[in-house]
Amino acid sequence: MSALLAALVAVPALTGGALLLAGRRADRVAAPTAVAAAALTLLAAVAAADTRPQAEARFVGLVDGGELALAVDALSAVMVVTVATVTAVLTVFAAADLPRDAARARFFGFLLLFAAAMHVTVTASTLTTLLLAWEVMGMASYALIAFHWELPGKVEAGTTAFLTTRAADLGLYVAAGAALAGTGSLRLADLPGADGPWLHVAAAGVLLAALGKSAQLPFSAWLSAAMEGPSPVSALLHSATMVAAGGYLLIRLHPLLQATGWAAPAAAWAGALTALVLGAVALAQRDVKQLLAASTAAQIGFVVLAAGVSGLAAGTSHLVAHAAVKAALFVAAGAWLTSLGTKKLAELRGAARRQRGVGAAAVVAALALSGVPPLALWATKEQVLASVHGEALHVVALAAAALSAGYAGKLLGVVLARPDDAPDGEAPAVARVPVATTAVAVTLALPAAGLGVLALPSVGRWVRTLLGVPAEPVAAPADLVVSAVLATGVLAAVLLWPALTTAVERTPLHRWAGLGALLTGRPVTALAHGLAAVDEGGVDRLVMSAATGTTGLAGRVTRFDRSGVDGAVTATARALYRVGGLARRPQTGLLHQYYAMAAGGLGLLLVLLLIGG
C-alpha cells in the first residue's frame, strides 16, 4: 500500500484507537497527541493530492471489487486536503474548548477515528471500502454526539442521528447487491454499466444513502438532534465530514445518476427543495446552533443540486467554501456558548461586540453565508445556478439563495446589535475566549472570504480543468451582478427591518392597507414557522414513524421467528430425537434377540406374501 495513503488513513486511525484503548490515563496528553496526528495527516493529504497515489489490499477475494482500494484522483485530492485542513484547525479548537476534566482521550480518539473514516470515504474506489468507512463514520458520530452521555437527551440525540442515517445507509447495501447482480463487480467506476433494472436499483440505493448522510429531505431531522454534541463535533460534522459525505458521493457517482435518466433530476429537485425548505426552517430558529444546522442542510442542498445538474466543479467548490464558512460559524457559536453561557439568539445580542476577534470572524463567515460579493459562497452558489437549466428548478434555487441572505442576516442582526445586560445562560459563563479559539475562527474566516476569487474567470477555469470538466457552464457577469444585488438587498432588508418598522410606525402609513402588519415581518415569519412545523411535525414525524413501524415489524417478525419457525424446528428436532431413541432400543448387542427379530420379520414378510398372492 502506498505510504502516503497509509499515512493519510493510519495516522488518525491508529492514534485515535490508541487513545481509546488508553482511556482516562491518556487524558493529559490526548489533546497535544491529537493535534500532532492531525498535523501529520494534513501533511500526508497535501503530499497525496500532489502525487495522486493508488493502493489496494486483499479483503474479500471472492468478487471483483472486494478489495480495500483507495485512490486519490482530482476530485478526492481536493477533498482530502479540505478534510485534513478543517480537521486540524478544529482539533486545535477542541483542545481549547473542551473542559479539562472531560474524558479527553475518549473524545479525541473518536474525533480522529471519525476523520480517518472520512478520508477513506473520499478516496474509496470500491463499494467494499466505502461501506466500511460509512459504518465507522456512523459509529464514531454516535459516540461523539452522545459524548456527554451522562446528561439528559445526549444519548437520545446520538441514537436519533445514528438510526436515521443507518436507515438511509441500507440504500448503499442495496446498491452493492445491485452492482454485483448487474456488473459482477463492486468497483465504483463500474456502476454506470450495470445491466437493465440493476442500474436503477443501484442508483436509487446510492441516492437514498447520500440524502440520508447529508440530512436532505426527508432525513433532515437527525442534524437538528446532532446539535446536542460538543461544539467541535458540530463544527466538524457540519463542515467537512459526515454531512458533506453525501453530497460528495453524488458528485463522485454522477455518471451513475446520469445513466438512469431519472436519478439526476431527482437529486437536483431533492437538493433544491431542501435548500428552500430548510432555509425557511433556519429563518424560524431561535437557537444559533439550530439555525446553523438547518442552514447546513440548506447549503449542502446546493451541492446535491449541482450533482443533479452536472455542475461538478461548481458543487465541489461550494462544498469546500461552505466547509470553511460553517466551521468558522460553529467555532464562534461554541465560543459564545462557553464564554457567555447561552446559544439562544435572544440572549446573544451584541455577542460579536463582546469578543471582537471571534466576532469579526463570525461576521465575515455570516456575510459569506448570505452570498454577498466578493465572498466565497457568492461565487460558488452562482456557479451552481449557472448549471441549472429548467425554469422551475432555477426559480426554486434562486428563492433558496435569497433565503440564505435572510437567515444569515437574522444572525448578523443579533450578534451585531448593541449588547443587553449579561445573559441569563444555560451553562456557567466564563466570559472569555481562549486565544487558540480566536486564532482558529480567524483562520477559517480567511478562506470563507478569500475563496470569492473563484468568481474570477481564470481561477474558475483552472478549477474546472483540475477536475476534468473544462466545458462546464459558468456564471455570466450579468448573473453574478443580479445575484449580488439580490443577496445584498435581502440582507440589507433584514438588517434594516427593525429600524424601518419603527420609522413607519411613526407615520400614518402604519395603518394603511395593513402595511404595519406586513412590515412586522409576520407573514415571512409565519411562513417560516409553517414550513418548520411541516418539516418537524410532518416530514420528520413521517420518517420517525417509518422507523418506529420498521422496529415494530421487526419485533413481530422476531417473535414469529422464535415462536413459529424456531418452535417448529425445535419440535421437529425433539420428535426426531424420540424416534431415534425408539430406534435405538432394539440395538441391544444380543445375537439371540437379533435372530428372534429376524425370524419375526421373515415370518411377517411370508404372511404378507401369502395374503398378497
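Helix 5 is mostly covered, with 14 of its 19 residues buried (under 20% relative accessible area; exposed is over 50% and partly exposed lies in between, with a 1.4 Å probe and protein chains only). This is a predicted model, in which local features need pLDDT of at least 70 and side-chain atom pairs count only at pLDDT 80 or more, while totals for chains, interfaces and linings use all residues. Residues are numbered from 1 along each chain as its sequence is written, and side-chain values use heavy atoms, leaving out hydrogens and water.

**Overall picture**
- The protein has 24 helices and two strands (DSSP runs numbered from the N terminus: H or I of at least four residues for helices, E of at least two for strands).
- Of its 613 residues, 51% count as buried.

**Helix 5**
- Helix 5 covers residues 127-145 and reaches 26 Å from its first C-alpha to its last, close to the 27 Å expected (1.5 Å times one less than the number of residues).

**Aromatic pairs**
- Searching the whole structure turns up three aromatic pairs (Phe, Tyr or Trp rings, with the six-membered ring for Trp, whose centres lie within 6.5 Å; planes under 30 degrees apart are stacked, over 60 edge-to-face, and the rest tilted).
- The ring centres of Phe 107 and Phe 147 are 5.2 Å apart and their planes stand at 75°, so this pair is edge-to-face.
- Phe 107 sits in helix 4 and Phe 147 in the loop between helix 5 and helix 6, 40 residues apart, so to speak a link between distant parts of the chain.
- Phe 107 is buried at a relative accessible area of 0%, and Phe 147 is buried at 2%.
- Ring pairs join Phe 107, Phe 108 and Phe 147 into a cluster.

**Helix 7 against helix 10**
- The axes of helix 7 (residues 196-213) and helix 10 (residues 242-252) come within 7 Å and cross at roughly 150° (lines fitted to C-alpha atoms over the stretch in contact, with angles from 0 to 180 degrees between N-to-C directions).
- The two helices are therefore roughly antiparallel (over 145 degrees; under 35 is roughly parallel, 65 to 115 roughly perpendicular, and the rest oblique).
- Among the residues that meet are Val 206 and Leu 207 in helix 7, and Leu 249 and Leu 250 in helix 10 (contact means heavy atoms within 4.5 Å).

**Backbone points to check**
- The peptide bond from Leu 217 to Pro 218 is cis, with omega near 5°.
- Another cis peptide bond joins Pro 373 and Pro 374, with omega about 0°.
- Arg 52, a residue other than glycine, has a positive phi near 55°, and is partly exposed at 33% relative accessibility.
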